[in-house]
Amino acid sequence: MKKVLLFLFFSCYFVFSKAQTPHLRRYTVDDGLPSSHIYRTFQDSEGYIWVCTDKGLARFDGYRFEKFTTKEGLPYNDIWGIAEDSQKRLWFTSYAHTILYYDLKEHKFHSIKVKDLDPKAQFDHVMFFQKKGDKILAFKSYESVIEIENGKTALNYLSAEYSLATFFDIYKDLYLYVKKNKTKVFEEGYPQQQRTFAENLQFILDGKVDKVRNYSKDFFEGESILCSLHFPDRNLFCKVSSIWTANGKNIFKKDLKELSMFPNNRIIYFSKIGNTDLCLITTEKEQFVIDKNLNRQKEYDFIDELGVNSLFIDKEFNVWISSKQDGLLMLTQEAIKSKVFNILENVAVKAICRDARNRIWIGTDLGQLFIYENQKLRLMEFEDQMKVSISKIVADASGGVLIAWINNSLMHLKDAEVYKKIKFQEVIFYNFTNFKFSDDRHLLFKNVSVKDILQTNDKNIQYIITGKNVHYLQQNKNNVYIEFAFRNLGYRSFAIEELTNGEIYFGTGIGLIKKNNNDLDLLSTLKSKYPIANQPITDLLTDNQDNLWVATDGFGIYRVRDNKVDVISELNGMIIKNFYFDKSVNRIWMATNDGVHVISVQSESPLKYTYNKISVLQGLPTQEIHSVYADGNKLFAGTNNGLVIINLDNFFANRVDSVEASPLVVKNVKVNRRDTTLHNDYRLKYNQNNIELEFVGLSYKSDRNIKYEYRMTGIDNEWHTTSDLKREFTTLPPGSYEFELRATDIENKPLKNFVPIKFEILPPFWQTWWFYLSIVGLVLAIVYSGFKVFKRNQNKAIEINKKFADLELQALQSQMNPHFVFNALSSIQSFILNKDFLTANDYLTNFSKLIRAFLESSRDKYISIQEEVLLIERYIKLEKVRFRDKFEFEIIQSENVNPSIEIPSMLIQPFVENAINHGLLYKENKGNLIVSFDQQENQLLCVIDDDGVGRAKAAELKNKSLKSYKSRAMEITEERMRTLQILDNIDVSINVIDKVDESNNATGTRIEIKIYIN
């Protein structure tokens, strides 16, 4: 029984052995895989990771797995091989009877059924594929080869041309062509041949091969060849206990015993690792990796614990491990240098400290205390294990440590007790001064919350912060002394630090405070100038130059030097949980909620530094870090998932990044919630205006730590940040849009340039230019038709109006006839009554001539000037006779007047009549009448000038007259002018001028008639 306990004790003591592995990201069924039994992993030319399992396929974009099984159309779920040809087709090997491939351009699976073959071959599965010109050869296990053209048709059954014995040599002039019934290279390991060529699909499809020349005799003798792998410049051949490499001229051999320390070991599996120079060897006792020169790569030795089916290295140099039962495992090239401890898996490491003996102490959230020494991790034994988190570990000068638990307990362990089983001997501590007790009791006190512990410059004294109190703890020989340094600080303190000059600083909830003798200095001047000094503090430390560095809770870190503050801008907004200063290299390491950050100070004044970050890329299992310690070229980080040790060799060197930028792709475009065929230019209808884009950055090393920015020009030209992998744009108006996307990976490096996707949403037909043009044309046609109808109706109306006007004019002219006749007959009557028969006879003769001339002119609307003058002259003469030479008259016609010009008939006569009957008639003396005609260009001026009594006197005399007759000559003339204006657009203006002398007495009337000639 004692031996059993001793064995268990040392099992706890030494737990390192094979418990250290790099941190592996693990993906299982819970993450979306169809199975945790993984055959192969492969990266296609677009950047997606494909996973072959015994329960179907999966495609991974770094965020989620897309599953493909028989439910999605696969002919068989057990898929164990994959390769891509030059036409972007993925070919799969499985136990299915059909040939399966996936077209990356169509994003679609295709199945090819094999017909008209030997029944055995028809229902047998495909073992591997090989390229033959533009065709694909599918090799089936029943010694048959199917020729495939255009990925659609199974053409020929070629079993007569090929032999099962020529798997790595289907062409007669290449490699080891072995005819039937002769030397059989593959006497052993037939099942492994299938697996080998499944691994080698990618090369077999597109690789170039060389002829094999002058192989040594012993190569063909002895053990049979298990399988072969081909590289562009050489070939590897595997036997049970040896590996051979040949470049066509020379051949070199390495025995298994040179690579493995296990005796009596045998190789059972040999496969290439993706498109690299590395190969995976599986023996009966272990698994390991070799390069093309047959050297073992020890950094991959951790795979021996994992049960590996295959390895694959992608374009970012991430290593993908296909395990037999633990799902898909992945780690970055940088993370290979990291180590995690399996015994701490899913345990949070809260505190890390190095003691005076260079041992690393680790405290967990389960209250466990580990010691890392000589690359071994040991668990300290306690009689009664505390199961609450350790919050702080601080070393003393003698090699011991002080350990604080969050249940307000503090323990002191001396160096001599490190390898003993510890008992919890308690001292209950509430309130004391100059308290002394024997140091053989470990638990110093309980029920006091310990926030920080500081070892002072005097190595025998520690300051202990307990809430608002600060205590001295001093060791002297076998006794420990505790007393108050400060009683009731007044502020909750979380950190304490001492400068070499003895100045003590406290980190509190209200920022930085300095001890000034027995008082506290709130540093008001510093805080007013630098607001960050007021923020809550989580930790304090000093560097080699005695500068004070301050870690805050959510505001990053800053340095205090010579009463000045320097803020580290890269950490703005960061929560700093703990930090450590590595004096040997002048570096400050910070544990944050976003990985480990490190500042390498280059100069003190002014402050210059370089900044780096360690994240999941370098092997951290999570971005949340609780504690950190660095020792030369090793970093110890306490995480939520245990302790991580990262090798820092070459981490700070100027590294040349040979990794090409990761792709940034759009996975899907939906229009009105429906999937579309992916392309870069969409032309959509007006009602296809709801667009959803799904995109992703295929950077697997970033572990989803990718920053995306997008914009949709046509809506907004500003870039917007998003963590969502979908963007939706709804109810877009007609127009042209362009979706642009950019992203940076976990190292802040840009992903590949993204080709913008263009969208053109066409307007509805009623908003198109041709519709507008049609409407305009229709409106114009309607307007034109309406205008024509209107014009036609207007013309009809004009014709009708003209007819009415003609009739009216004729009526008006006909009204002039009685007027003349009445006046003439009145004169004749007057002559007869006065028995002046001779005058009456002459008058009647002249009257008859006038009537004849008037009747002739009344037939026309217009008469010549010459005819008008003749009519006026005859009329004036008759009136002169009637009024017994009461006036004299004169008709003057200018030489400028064209006698043939036509004017409206009887236009002048009414005005002459008015001059005679109203102006000259009432004049006591003999009057004068002058009628003149003159022409200036297109204007004819007719002036009727009399020296009568004037219009005012004539109206007065007329009112006194007893005559009841009212002359309508002027009224009829005005109506005629309006009618002529309507009918023939004749423009006539009449100006009446009342003549007066110097005394303003009336001297007659002057009438100016202007006729504008067309």
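**Exercise 1. How many helices and how many strands are there in the chain?**

Solution. The model is a predicted one, in which local features need pLDDT of at least 70 and side-chain atom pairs count only at pLDDT 80 or more, while totals for chains, interfaces and linings use all residues. Residues are numbered from 1 along each chain as its sequence is written, and side-chain values use heavy atoms, with hydrogens and water left out. Helices (H or I, at least four residues) and strands (E, at least two) are taken as DSSP runs and numbered from the N terminus. On this basis the chain has twelve helices and 69 strands. As a further step, consider burial, where buried means under 20% relative accessible area, exposed over 50%, and partly exposed in between (1.4 Å probe, protein chains only). Of the 1014 residues of the chain, 50% count as buried.

**Exercise 2. Describe the pairing of strands S9 and S10.**

Solution. Two strands pair if DSSP finds at least two bridges between them. Strand S9 covers residues 99-103 and strand S10 covers residues 108-112, and the two pair in the antiparallel sense over five bridges. Within this pairing, Tyr102 stands opposite Phe109 in S10. The hairpin has four residues between the strands, and His107 takes a positive phi there, near 55 degrees.

**Exercise 3. Find the largest nonpolar core and follow the contacts of Phe739.**

Solution. A nonpolar core is a set of buried Ala, Val, Leu, Ile, Met, Phe, Trp, Tyr and Cys residues joined through side-chain atoms within 4.5 Å. The largest such core has 59 residues, and those with the most contacts inside it are Phe92, Phe739 and Phe759. Strand S54, residues 664-671, gives the most to this core, with five residues. Next, take contact to mean heavy atoms within 4.5 Å. When its neighbours within four places in sequence are left aside, the residues in contact with Phe739 include Leu693, Phe695, Phe729, Phe754 and Phe759. A second, separate core of 44 residues includes Tyr862, Leu878, Ile908 and Ile1011.

**Exercise 4. Which residues line the largest cavity?**

Solution. On a 1 Å grid over the protein atoms alone, a cavity is a set of points where a 1.4 Å probe fits but cannot get out, and lining residues have an atom within 4 Å of a point. Grid points are joined across faces, edges and corners, and a volume is the space filled by probe spheres set on the points. By this rule there are eight cavities of 30 Å³ or more, and about 80 Å³ of space lies in the largest. The largest cavity is lined by Gln43, Gly47, Lys315, Glu316, Glu660, Ala661, Ser662, Pro663, Leu698 and Lys752.

**Exercise 5. Locate the loop residues Asn264, Asn374 and Pro606, and state what marks their backbone.**

Solution. Most residues other than glycine have a negative phi, and most peptide bonds are trans. Asn264, in the loop between strand S18 (251-255) and strand S19 (267-272), has a positive phi near 55 degrees, and Asn264 is exposed, with a relative accessible area of 70%. Asn374 lies in the loop between strand S28 (369-373) and strand S29 (376-379); phi of Asn374 is positive, near 55 degrees, and Asn374 is exposed at a relative accessible area of 63%. Finally, Pro606 sits in the loop between strand S49 (595-603) and strand S50 (608-614), and a cis peptide bond with omega of about -5 degrees joins Ser605 and Pro606.

How values were computed. 1 Å grid on protein atoms, 1.4 Å probe; cavity = no way out; pocket = protein on both sides within 12 Å on 5 of 7 lines; lining within 4 Å.
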